[in-house]
There are 2 protein chains.
Amino acid sequence: MSANAVQQEHSTPPTSAPTAATRPALAPEQLEFRNAMAHLPAAVSIITTDGEGGRCGITASAVCSVTDTPPTILVCINRGSAMHEVFRKNGRLCVNVLSDELEQLAMHFSGATKVPMEERFAWDIWEEQGELGQPVLADALVKLQGRIREFKEVGTHSVMFVELAEVKVNEKKDSLIYFNRLFHKVKRTAL
Amino acid sequence: MSANAVQQEHSTPPTSAPTAATRPALAPEQLEFRNAMAHLPAAVSIITTDGEGGRCGITASAVCSVTDTPPTILVCINRGSAMHEVFRKNGRLCVNVLSDELEQLAMHFSGATKVPMEERFAWDIWEEQGELGQPVLADALVKLQGRIREFKEVGTHSVMFVELAEVKVNEKKDSLIYFNRLFHKVKRTAL
């Protein structure tokens, strides 16, 4: 399971992964860590990928800017997630940073609502554009398509380093934040 | 320079680094990337370190949860920053996630206000506690002390992987967000 509450249970674990019934109880330092991470406010994104491994998407908050030379971000994903292998096969992805109106979509892709992968993209809100052709959310605040240059394993997770090829910002949108296990809206203008 | 606006110019570059006068102009894809990252809302932290390399602190937003096994976060830092070598020598740090009242302190440590390093810690708001003894901000929302397990170079930056040893949360504090080049306050309760 992911360290971040938004990312929890966003996929059906592969059969080799521990299930809720067989998973060992969390140690005190793991519970303490998860509580601390729930208090680290973060943007909410839907990470999508399409290619020979298939199409999938997950809600995640573990996205971070790395460098502008070359333009690179990172995305953390649980290696126990069935989607980890899909990202590896496709080698490309899109980070769709959610605007403040998209809380429901965040839940839809979170796994908490148990929506099967094949039904997640059912709504007509997705575009494929540019040379990478990844699923891009028309109404996203920020759209970042890129190639996964490296998977770095750290504990239970992989850090995917993604070199960006297509960058789009909607300068009129406000933002969605996950903090203290709740969604919050943050306007683009000062209060 | 950092990819993220909060992190820009937070240190005196070492003499080997390009100065403003000699630094090449940014390419269009770098400008586009920085604008996109300014629209990725993020928590604001002061990253501190103390040890044989000296004491220093910088304001940063490139902090991300990685895994709870073992409890690990990452922090990105520009290798051109004078502080990069201090982090390397000390091998430990504290991420002090700022609460909503601490916007001024974020500016104080950002470098934008040109406060020399020796004056940044002048106020009596710092504690040293626990076995790591790093500078901990008494009023922080979240306090994360840990050991830097690895520096991974990516482009102009290093990603520091930090295994946490001391984790503290102030359950009464609200949070501070940087979005669209402005600070915003996000309350812990739903609106």
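**Two chains, one axis**

The peptide bond from Thr69(B) to Pro70(B) is cis, with omega near -5°. In chain A, Thr69(A) and Pro70(A) are also joined by a cis peptide bond, with omega about -5°, and Pro70(A) lies in the loop between S4 and S5 of chain A. For background, most peptide bonds are trans.

Before going on, some housekeeping. This is a predicted model, in which local features need pLDDT of at least 70 and side-chain atom pairs count only at pLDDT 80 or more, while totals for chains, interfaces and linings use all residues. Residues are numbered from 1 along each chain as its sequence is written, and chains are lettered from A and ligands numbered from 1 in the order in which they are written.

Now the contents of chain A. There are four helices and 12 strands; helices (H or I, at least four residues) and strands (E, at least two) are DSSP runs numbered from the N terminus. Of the 191 residues in chain A, 51% are buried. Buried means that 20 or more other C-beta atoms lie within 10 Å of the residue's own; 12 or fewer means exposed, in between is partly exposed, and C-beta atoms are placed from the backbone. Among contacts in chain A with a separation of 6 or more, 68% are between residues 24 or more positions apart. A contact here means two C-beta atoms, placed from the backbone, within 7 Å.

Next, the sheet. Seven strands of chain A form an open sheet in the order S3-S2-S6-S9-S10-S5-S4, with antiparallel pairing. Strand S3 (56–60) and strand S4 (63–68) stand at the edges with a single partner strand each, so each has one side without a neighbour in the sheet. On average, neighbouring strands are turned by 30° against each other, direction ignored. Axes are lines fitted to C-alpha atoms, for helices over the stretch in contact, and angles run from 0 to 180 degrees between N-to-C directions.

One pair in detail: strand S5 (residues 71–78) and strand S10 (residues 157–169) of chain A pair in the antiparallel sense over seven bridges. To count as a pair, two strands need at least two bridges found by DSSP. Within this pair, Thr72(A) stands opposite Glu163(A) in S10(A).

What packs on the sheet? Helix H2 (residues 83–90) of chain A does, touching S2, S3, S5, S6, S9 and S10 of chain A, and its direction makes about 150° with that of S5(A). The other chain contributes too: helix H1 (residues 28–38) of chain B lies across S4, S5, S9 and S10 of chain A, at about 110° to S10(A).

How do the two chains relate? A rotation of 180° with 0.0 Å of shift along its axis superposes chain A on chain B, RMSD 0.0 Å. That is the relation of a two-fold axis. In chain A, the C-alpha nearest the axis belongs to Ala42(A), 2.7 Å from it. The same surface serves both copies, since 100% of the contact residues of chain A recur in chain B. The superposition is by least squares on the C-alpha atoms of residues with pLDDT of at least 70 in both copies.

Counting the interface, 49 residues of chain A are in contact with 49 residues of chain B. H1(A) gives the most to the side of chain A that touches chain B, with eight residues. That side divides into 29 nonpolar, 14 polar and six charged residues. Nonpolar covers Ala, Val, Leu, Ile, Met, Phe, Trp, Tyr, Cys and Pro; charged covers Asp, Glu, Lys and Arg; the others, Gly among them, are polar.

One residue of H1 in chain A is Ala36(A). Ala36(A) touches Val142(B), Leu144(B), Val167(B) and Val169(B), not counting residues up to four places away in sequence. Ala36(A) counts as buried because it has 24 C-beta neighbours inside 10 Å.

Last, two loop residues. Most residues other than glycine have a negative phi. Asn180(A) has a positive phi of about 55° and is found in the loop between S11 and S12 of chain A. Is Asn180(A) buried or exposed? Asn180(A) is buried, with 22 other C-beta atoms within 10 Å. Arg181(B) has a positive phi near 65° and lies in the loop between strand S11 (175–179) and strand S12 (182–186) of chain B. Arg181(B) has 11 C-beta neighbours inside 10 Å, so it counts as exposed.
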